Amino acid sequence: MWFWLLTIAGLLFMAVKVLRYIQSLRTISLHSRYVFITGCDSGFGLSLALRLDKMGCRVIAACLMPSKAKELDDMTSERVTTVVMDVTKDEDIERAVKKVTSVLPQGTGLWGLVNNAGV
């Protein structure tokens, strides 16, 4: 009887250890992650930029309208950088690329890209 009780206790102990290990793998620190999102004027892009900012992620948010970029700047922390960009104009895209490369630390890249802008 003691053998079975000790065996069950040991198995439960190991199960808890394994579950805690798996749970620790799911936790990702977003504080050093950079995500570029287009279409942040409203809707999904805006919601995602706000959500990622609250989670501690660094966000580079592209807006079509300068007024919307200003509103987003006012609503978010210093982790969010806005850029005005029309995805159909090459010069705007080039300016956004320069902005992204200036924001990213040396030797790092984007962790995510959300191409949400409508054409």
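On this tour, two residues are said to touch, or to be in contact, when heavy atoms of theirs lie within 4.5 Å. Keep in mind throughout that the model is predicted.

Begin with Thr-82, which you will find in strand S3. Show its surroundings, and you will see that, leaving aside residues up to four places away in sequence, Thr-82 touches Ala-61, Ala-69, Leu-72, Asp-73 and Lys-99. Is Thr-82 buried or exposed? Its relative accessible area is 15%, and because buried means under 20%, Thr-82 counts as buried. Now display the side chains of Thr-82 and Asp-73, which make a polar contact with each other at 2.9 Å.

Next, select the strands, and follow the open sheet that 4 of them form in the order S3-S2-S1-S4, with parallel pairing. Strand S3 (80-84) and strand S4 (112-114) stand at the edges, and each has a single partner strand, so one side of each is left without a neighbour in the sheet. If you look along the sheet, the twist from one strand to the next averages 15°.

Zoom in on strand S1 (residues 34-37) and S4, which run parallel and are joined by 3 bridges. Which residue of S4 is the bridge partner of Val-35? Select Gly-112, for this is the partner of Val-35 in S4.

Turn now to the helices, starting with helix H2 (residues 43-54), which lies across S1, strand S2 (58-63), S3 and S4 and runs at about 165° to S1. Then select helix H4 (residues 90-103), which packs on the sheet and touches S1, S2 and S3, its direction making about 165° with that of S3.

For the next stop, show side chains and look for the largest nonpolar core, which has 15 residues, and in which Ile-37, Cys-40, Leu-52, Val-59, Ala-61 and Leu-72 touch the most other members. At least two residues of this core come from each of S1, H2, S2 and helix H3 (66-75), and H2 gives the most, with 4 residues.

Finally, look for another core, which lies apart from the largest one and has 9 residues, among them Tyr-34, Ala-62, Ala-96 and Val-100.

Note on methods. Residues are numbered from 1 along each chain as its sequence is written. This is a predicted model: local features need pLDDT of at least 70, side-chain atom pairs count only at pLDDT 80 or more; totals for chains, interfaces and linings use all residues. Side-chain values use heavy atoms; hydrogens and water are left out. Two strands pair if DSSP finds at least two bridges between them. Axes are lines fitted to C-alpha atoms, for helices over the stretch in contact, and angles run from 0 to 180 degrees between N-to-C directions. A nonpolar core is a set of buried Ala, Val, Leu, Ile, Met, Phe, Trp, Tyr and Cys residues joined through side-chain atoms within 4.5 Å. Buried means under 20% relative accessible area, exposed over 50%, partly exposed in between (1.4 Å probe, protein chains only). A polar contact is a pair of N or O atoms within 3.5 Å; within protein, one must be able to donate a hydrogen and the other to accept it, and residues adjacent in sequence count only if both atoms are side-chain atoms.
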